[in-house]
Amino acid sequence: MARRTDDENGDGIGQCWLAKSEPSVYSIDDLRRDGSTLWDGIRNYQARNFLRSMQVNDRVLFHHSSGDPTGVVGTAVVVGLAQPDPTQFDPRSEGFDEASKREDPRWCAVTVRFGSRLAVPVTMAMLRADRSLKGMRILQRGNRLSVTPVTAAEFARVVKLGGS
DNA sequence: GCCAACGTTGGC
DNA sequence: GCCAACGTTGGC
């Protein structure tokens, strides 16, 4: 099997990501309670394409958006590859997409497992104050993507700032 | 609640 | 295929 080019350290940890969720919809504590969950409801093509490129064991920074506070509150691990998002076919779901056909699904979802809850939430201000995190897409002007790639170094740094 | 920024839609 | 209008996102 081809060695993943983004597995820079050969430690089995591949690409890292940051995923946003509104805590009032689904929080890090919900994920801890559930153990794992299908990360569904993504309705943005760029974010969907990131979901499609996720691999098992990819690390995820779990970010609370529109939260109190707003910031990274934990980590998760990808445990299931992208599959069709069932909510796109459910007329009662907010994510229902009448144009999406079962034989050619438009939206997908991955399965993630709870990783950790940070001792301290890493707020936007904390992220912004750390020079080594300047490149994070969440800090760029106007970024609204709910899923963005982060580097392994950024992942490690944020976890360290979170004190766990 | 404001509003800048962005994605999507649809008329042409 | 352009682009104005509209809806949504999400930090502040």
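Analyst: A base oxygen of DNA strand C is 2.5 Å from an N or O atom in the side chain of Arg144; a polar contact here is a pair of N or O atoms within 3.5 Å, where pairs within protein also need one atom able to donate a hydrogen and the other to accept it, and residues adjacent in sequence count only if both atoms are side-chain atoms. The model is predicted, with local features requiring pLDDT of at least 70 and side-chain atom pairs pLDDT 80 or more, while totals for chains, interfaces and linings use all residues. Residues are numbered from 1 along each chain as its sequence is written, chains are lettered from A and ligands numbered from 1 in the order in which they are written, and side-chain values use heavy atoms, with hydrogens and water left out.

Arg144 also approaches DNA strand B, where a polar atom of its side chain lies 2.8 Å from a base oxygen.

Around DNA strand C, the surrounding residues are Lys20, His63, Ser65, Ser66, Thr70, Met124, Arg128 and Arg144; a residue is near a strand if one of its heavy atoms lies within 4 Å of it. By class, this surface comprises 1 nonpolar, 4 polar and 3 charged residues, where Ala, Val, Leu, Ile, Met, Phe, Trp, Tyr, Cys and Pro count as nonpolar, Asp, Glu, Lys and Arg as charged, and the others, Gly among them, as polar. Sugar or phosphate accounts for 78% of the atoms of DNA strand C within 4 Å of the protein, and bases for the rest.

DNA strand B is surrounded by Asn44, Tyr45, Gln46, Arg141, Gly142 and Arg144. Its surface divides into 1 nonpolar, 3 polar and 2 charged residues. Of the atoms of DNA strand B within 4 Å of the protein, 76% are from sugar or phosphate, with the remainder from bases. On the phosphate side, a polar atom in the side chain of Gln46 is 3.4 Å from a phosphate oxygen of DNA strand B.

Taken together, the side chain of Arg144 has a polar atom 2.5 Å from a base oxygen of DNA strand C and one 2.8 Å from a base oxygen of DNA strand B.
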